[in-house]
Amino acid sequence: MDSDLNAMAGNAAMTPEHIAGEEPGPGPGASGGWGRLRPAMRWESGLVVVVIVIAIMGSALSPEFLTANNFFNLGLNTGEIAIMALPMALIIISGEIDLSVESTLGMSSAVLGVLWADHWPMLAIFAVVAVVGVLAGAVNGLLVTRVGLPSLAVTIGTLALYRGIALILLGPRTVANFPAFYTNAGTTAIPHTDLPWSIGIFIVLAVIFAIVLHATPFGRSIYAMGDNAEAATFAGLRVKRVKTSLFVISGLASALAGVLYTFRLNTAVQDNGTGLSLDVVAIVLLAGVSIFGGKGSIGGVFLAVLAFAGLQNALLLTNFNQEATGLVTGGLLLISVFVPNAAMFVRYLRQAARRATRRLPSEPALSMPRRDT
Amino acid sequence: MTATLAPPREPGSPASASSRRLAERVFRVREFGIVAVLIVFVAITAAIQPRFLSITNIQFVLVDATIFALLALGETIVVISRNVDLSVGSVLGISAFLTAQLASQAHGLPLPLVFLAGLGIGLGFGAINGLLVSLGRVPSLVVTLATLYIIRGLDVLIVGGSQVVPSSYYPSFLTISKATVGGIPDLAIVVAVVIAVGAYCLRSFRSGRELYAIGSNPDAARLAGIPMGRRIFTAFALSGAIAGVAGVLWASRYGTVDSTAGTSYELQVIAAVVVGGVAIFGGSGSVVGAAIGALLLQTINSALYVLGVSPDWDQAIAGFLLLLAIVLDRFISLRLTASLRRRSARRGQ
């Protein structure tokens with residue numbers, strides 16, 4: 001049960017990655033860095049087009065769309081989700097998933113609120129919140145790697161557990177009146193720029209994550225275990241240790257997001273961040289990260305954050321019912337998994353036609369070539 | 001998770017072998033553990049607060065648990081086939097609102113038609129999920145995550161800020177969840193029958209067994225000639241249809257319905273299914289187990305309330321139990337595999 005999501009993927013099947021397999025590209029063993037990057041680059045160029053289309057549509061819909069002020073608002077509402085998307089990308093690339101991030105965010109927010117109400121010094125609170133995040137991630141990671149449980153089930157469990165701890169800590173209480181120094185940081189721009197602090201932090205983190213993922217042995221090993229955890233283990237990679245550390249990083253990032261969230265709204269309440277996990281997963285999948293693991297890039301995540309934020313914001317400006325933006329997020333998500341499959345399907349139909357087989361067009365769908373694993 | 005361990009053939013004296021086999025059977029049944037937990041839990045709660053076993057309270061728990069168990073039934077069918085349906089909460093929500101509106105505006109409409117409407121709405125969305133997963137060959141986690149958003153978005157667009165209030169229904173709609181036969185809620189009886197039928201179909205029908213086969217090993221199932229696309233499509237369609245019916249019950253039970261009905265219910269349903277011993281990666285588990293899992297989670301909620309524990313503790317305890325259930329399940333299946341291997345090795349000598 002090492003690569004749970006691979007197992008879950010067993011009977012559904014095609015992702016962008018499989019399209020790459022169609023090219024006469026280099027085999028997995030012979031591939032150099034660039035050979036591997038090629039299919040990913042193509043996904044990202046598609047995303048660039050999407051972002052541009054959204055920008056054009058947005059500015060056509062409202063003259064305010066491409067203003068600095070609007071960019072600021074756009075970033076403000078996306079910062080925490082974007083920060084959590086980075087470790088989520090790594091986790092999904094490694095073949096696991098973490099649905100508990102929103103509750104880790106909520107739990108950190110609750111700890112922050114409770115300790116502040118108890119007049120703790122802010123720096124000590126930050127230390128405690130960081131420890132809470134690390135512990136939350138470690139529990140996930142150890143249950144997944146050492147006990148050998150599917151991460152989907154574990155993190156659904158901790159999703160409830162961590163939110164439950166936030167409920168116990170805070171109850172119906174609301175803690176507000178955080179010091180202005182911090183709440184200002186939550187709602188104002190970094191001096192001399194139009195970027196909110198959370199987006200600034202996201203950009204710095206994105207650079208670090210990109211370097212780690214794409215240019216270090218640690219990062220490359222994440223791809224290897226996402227492709228085939230067993231092979232990675234036999235190749236001497238510390239699969240369990242790496243995966244555990246990814247969950248810990250995710251916990252820590254979610255705790256950071258919790259602090260930012262609390263300061264932005266100047267409130268710690270029990271339901272802070274409810275429902276964000278699925279947004280985070282949606283962004284990561286939109287980024288071209290394969291739910292089966294082994295594929296994706298931080299550049300894609302960056303573009304997906306832009307697309308996601310731009311779309312939400314464009315809808316907001318057009319007075320679209322704000323609660324219904326899920327309609328568009330969901331649509332985008334579906335398109336992002338179907339476009340590669342449709343291309344595959346069309347190519348398959350064309351081949352089938354060339355072979356002049358007498359199959360009905362609906363039938364081949366069930367006998368498309370499959371990736372051998 | 002090793003799915004179904006074939007019981008080893010025991011040569012030797014028939015009497016001791018059969019009794020041992022019986023004991024083995026009882027302990028190997030996954031539902032056994034959870035029923036034990038349920039009984040212990042009810043006993044402890046009732047010892048502290050006898051009011052917990054009052055007729056009204058039991059009726060309350062049963063009615064709440066039936067909606068939950070119904071959803072767990074649908075989810076189990078999907079999970080057994082190594083898929084997952086995250087959209088049940090949204091389907092329940094939209095079906096609850098539309099049928100509630102139907103019940104409050106068309107007063108002459110016979111009740112079965114309202115249920116049929118709920119069923120149809122759910123079936124439609126379930127069929128879309130099924131088509132996308134089986135024909136589109138996209139992982140169900142992604143598809144149903146997307147439809148979770150999309151259906152909820154549709155719901156919000158349709159509902160807007162409005163809500164349906166209980167006073168606007170015709171009276172018989174609200175009494176669906178209150179009618180009893182000999183003290184047992186009608187709903188509980190009907191749902192128990194539905195679950196029994198579901199359990200029988202999954203156990204004994206060819207198509208039911210094929211779902212387990214697909215879940216245990218999709219590649220082998222394909223090679224064995226099982227029509228995977230059709231089976232998976234059916235599983236999703238059923239799950240959707242059940243969620244649609246659950247939506248009608250939800251509207252009848254809670255009365256007030258707005259655009260948030262059933263939000264994030266899907267994770268609770270999956271929790272119930274997993275607590276009930278259904279392996280999250282398919283191939284193993286039963287509908288009855290999932291239903292008992294739902295009953296257990298609902299009982300815990302109610303027990304905490306009766307015991308005067310703040311409802312703030314509900315979620316932490318539910319989460320903890322879910323983790324405990326999967327950890328225990330893991331250890332039991334590991335122990336079982338090990339002991340079976342040891343025994344067959346001994347016999348081999």
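My entries follow, from whole chain to single residues.

**Entry 1: the model and chain A.** I reminded myself that this is a predicted model. I counted secondary structure in chain A and got 16 helices and 0 strands. Chain A has 373 residues, and 53% of them are buried. I then took the chain A contacts with a separation of 6 or more and found that 80% of them join residues 24 or more positions apart.

**Entry 2: the nonpolar core.** The largest nonpolar core runs to 222 residues, and A:A85, A:A89, A:I283 and A:V284 have the most contacts inside it. Its largest share, 16 residues, comes from helix 11 (residues 228-254) of chain B. Setting aside residues up to four places away in sequence, A:I283 touches A:I81, A:A85, A:V301, A:A304, A:V305 and A:F308.

**Entry 3: helix 13 of chain B.** I checked its length against expectation: 20 residues (287-306) at 1.5 Å a residue should span 28 Å, and the end C-alpha atoms are 28 Å apart, so the two agree. Is this helix mostly covered or mostly open? Mostly covered, as I count 17 of the 20 residues of helix 13 of chain B as buried. Just after the helix, B:G308 takes a positive phi of about 80 degrees.

**Entry 4: a helix pair in chain B.** I followed helix 13 of chain B to helix 3 (residues 55-80) of chain B, where the axes come within 8 Å and cross at roughly 145 degrees. The crossing of these two helices is right-handed. Helix 3 of chain B contributes residues including B:F60, B:D64, B:F68 and B:L73, while helix 13 of chain B brings, among them, B:A290, B:G293, B:L295 and B:Q298. By class, I have 13 nonpolar, 6 polar and 1 charged residues in this contact.

**Entry 5: a loop serine in chain A.** A:S62 sits in the loop between helix 3 (33-61) and helix 4 (68-76) of chain A. Why does A:S62 count as partly exposed? Because it has 17 C-beta neighbours inside 10 Å, and a buried residue would need 20 or more. Beyond its neighbours within four places in sequence, A:S62 is in contact with A:L317 and A:T318. A:T318 is 256 residues away along the chain, yet the two C-alpha atoms are separated by 7.2 Å.

**Entry 6: two asparagines with positive phi.** Most residues other than glycine have a negative phi, so I noted the exceptions I came across. A:N177 has a positive phi of about 35 degrees and is found in the loop between helix 8 and helix 9 (180-187) of chain A. With 10 C-beta neighbours inside 10 Å, A:N177 counts as exposed. For A:N266, phi is near 55 degrees, and its loop lies between helix 13 (239-265) and helix 14 of chain A. A:N266 is partly exposed, with 16 other C-beta atoms within 10 Å.

Key. Residues are numbered from 1 along each chain as its sequence is written. Chains are lettered from A and ligands numbered from 1 in the order in which they are written. This is a predicted model: local features need pLDDT of at least 70, side-chain atom pairs count only at pLDDT 80 or more; totals for chains, interfaces and linings use all residues. Helices (H or I, at least four residues) and strands (E, at least two) are DSSP runs, numbered from the N terminus. A residue is buried if 20 or more other C-beta atoms lie within 10 Å of its own, exposed if 12 or fewer, and partly exposed in between; C-beta atoms are placed from the backbone. Two residues are in contact if their C-beta atoms, placed from the backbone, lie within 7 Å. The expected span of a helix is 1.5 Å times one less than its number of residues. A nonpolar core is a set of buried Ala, Val, Leu, Ile, Met, Phe, Trp, Tyr and Cys residues joined through C-beta atoms within 7 Å. Axes are lines fitted to C-alpha atoms, for helices over the stretch in contact, and angles run from 0 to 180 degrees between N-to-C directions. A crossing is left-handed if the near helix is turned anticlockwise from the far one by less than a right angle, and right-handed if clockwise. Ala, Val, Leu, Ile, Met, Phe, Trp, Tyr, Cys and Pro count as nonpolar, Asp, Glu, Lys and Arg as charged, and the others, Gly among them, as polar.
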